[in-house]
Number of protein chains: 2
Amino acid sequence: MLRSCVSRLRTPGVLCGRLGGASPLARDSRPLPRSYSSEVVHMDHSLPNPSWSKDMRLIFDQFMKKSEDGSWKRLPSYKFTSSKRLEEVKIFFPDAKPVKEESLSQARLFPRSLEEGLGFEYAMFHNHVENRTACILQGGPYLQGIPGFLHGGAIATMIDSTVGMCAVLTGGAVMTANLNINFRRPIPLCSVVVINSQLDKIEGRKLFVSCNVQSVDEKTLYSEATKHSWNPGPAGRNTKSLVLPQHGNLGKDRNGEERKGTQTQGLSNSRWQQSTRTLRIFFFRCLGGSVG
Amino acid sequence: MLRSCVSRLRTPGVLCGRLGGASPLARDSRPLPRSYSSEVVHMDHSLPNPSWSKDMRLIFDQFMKKSEDGSWKRLPSYKFTSSKRLEEVKIFFPDAKPVKEESLSQARLFPRSLEEGLGFEYAMFHNHVENRTACILQGGPYLQGIPGFLHGGAIATMIDSTVGMCAVLTGGAVMTANLNINFRRPIPLCSVVVINSQLDKIEGRKLFVSCNVQSVDEKTLYSEATKHSWNPGPAGRNTKSLVLPQHGNLGKDRNGEERKGTQTQGLSNSRWQQSTRTLRIFFFRCLGGSVG
């Protein structure tokens, strides 16, 4: 099943969003979730909408400018994923409690579950050369924790999404094993921040990604985080490491020194590569994005 | 201002929810958020509703049974907090970017931002004697991460809320400094889990709370987490420690040993106590609850 899935997912255009073709759901025959039109289901939510502030549009335009030479790429994002994907996930979690079909037909990707302008307004960009993913985020009024500021869980949600995307796109299929966040300052409600994540290293099946959350002008550091993930593939595969040149950094650490991790990337046999490619696309689709 | 606030907050009934009297917002004169009736604004969302599953109602009833002798207490929970609270928060973050009045009038507590049955359905209970807070959670279909399972950010949100509540109710006013989560298994969408948190220790202005996320039958451990918080009060206060008897535990650690932290509690001078009491109530209200 996975092989046929890969074949289908690799079909040009299948994984591209509004900028690149039909959405992942365009070819699904499943019933659409209740009360939403086909147009809404297929909408790429990582594009500007009327709720975006001037700051949000400015930083979006900056990243689109960076994308012109192909170094960065905008990642489409959708609210819905096909319930067919559930069958594929079950391969990895066969003992999990089954979910009712009715609930699955209603399911939405959590960061896209609130209506336009009220919750998470965000767009992600990925740099394949530097193994970095950036997320621009405008946190709406429904994300409040203490009055006037974003809830810690809302920040954690977007950190988890961004570093997860970075890990998937640079290191293959992943599941989060650990998420460690240092909250330095509360983020004002409705302000715009940039989440910068970078794959630090891959050790066997473990992936290490770090990130920070900064103001648009980069003068305020709101949060820092690390995430350890694991690759749910076969154990004991052959791996060796490559030390890659380090591109960019995530600012300075607590001691004021530049954060530059050693970057290694596992190489694997052809079967594992095929499996990883499958999972990589699969998990990326789960996250509501596209490898384009 | 804080003193008058304390006086008002201590008024019997002001902080009690549906079970104990009027909600915190009942006496506010501010305009109600748009498109919501007064009844909705004042609704205590920690009570059963038609979307709750059989498992959710069963575990809720178990905790209500435990509450009959006063050892446990259900914590009311509301969607909205008064924008007046923003002025009080500004005392602690005077340099924060101001938020537009229009956005504040729309603001909702993040874990209560989704409609009934679609997002976080939860109720919290607190045990003042054992310094523990438990949260029963039914994660709705709008909280999806990978198909069929809760998003890691949704889990982080409820962990942050629960351990935050535990810290506030047992240790005074707090702001999260660090949140460290180990994800052991994905949580099936629409299933019911119990988040158990416990204050481990207080060291000066630092509070350490740990928690786990388990299935209702306690047979499946989904996640474990620790949270370090700090108390935004005056530095250099007089403190001494008391070692308290340990009540309960959070299961077993990785080595199969019972997790039992040493519990210390700071004692402080009367001015600090008054300030802490103010902040404790204040932050609890920010979190959408009531000290009852």
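Two strands are taken to pair if DSSP finds at least two bridges between them; strands (E, at least two residues) and helices (H or I, at least four) are DSSP runs numbered from the N terminus. The structure is a predicted model, in which local features need pLDDT of at least 70 and side-chain atom pairs count only at pLDDT 80 or more, whereas totals for chains, interfaces and linings use all residues. Residues are numbered from 1 along each chain as its sequence is written, chains are lettered from A in the order in which they are written, and side-chain values use heavy atoms, with hydrogens and water left out.

Strand pairing was examined at strand E4 of chain A. E4(A), residues 175–183, is joined to E4(B) by five bridges, and the two strands run antiparallel. Within this pairing, Leu179(A) stands opposite Ile181(B), and Asn180(A) has Asn180(B) as its bridge partner. E4(A) is also joined by eight bridges to strand E7 of chain A (residues 221–230), again in an antiparallel arrangement; here Met175(A) has Trp230(A) as its bridge partner. Seven of the nine residues of E4(A) are buried, so the strand is largely enclosed by the rest of the structure. Buried denotes under 20% relative accessible area, exposed over 50%, and partly exposed the range in between (1.4 Å probe, protein chains only).

The interface between the two chains was then considered as a whole. Contact (heavy atoms within 4.5 Å) involves 55 residues of chain B and 55 residues of chain A. The buried area, that is, the accessible area (1.4 Å probe) lost when two parts are put together, summed over both, is about 4,600 Å², and carbon and sulfur atoms give 64% of this area. Phe110(B), Tyr142(B) and Pro147(B) supply 15% of the area that chain B buries against chain A, more than any other three residues. Between the chains, 22 residue pairs are in polar contact (both at pLDDT 80 or more). A polar contact is a pair of N or O atoms within 3.5 Å; within protein, one must be able to donate a hydrogen and the other to accept it, and residues adjacent in sequence count only if both atoms are side-chain atoms. The largest share of the side of chain B that touches chain A comes from E4(B), with nine residues. That side divides into 33 nonpolar, 17 polar and five charged residues. The nonpolar class holds Ala, Val, Leu, Ile, Met, Phe, Trp, Tyr, Cys and Pro, the charged class Asp, Glu, Lys and Arg, and the polar class the others, Gly among them.

In chain A, the side chains of Arg132(A) and Glu130(A) meet in a salt bridge (2.8 Å, N to O); Arg132(A) is buried at 17% relative accessibility, whereas Glu130(A) is partly exposed at 21%.

Methods:
Salt bridge = Lys/Arg side-chain N within 4 Å of Asp/Glu carboxyl O.
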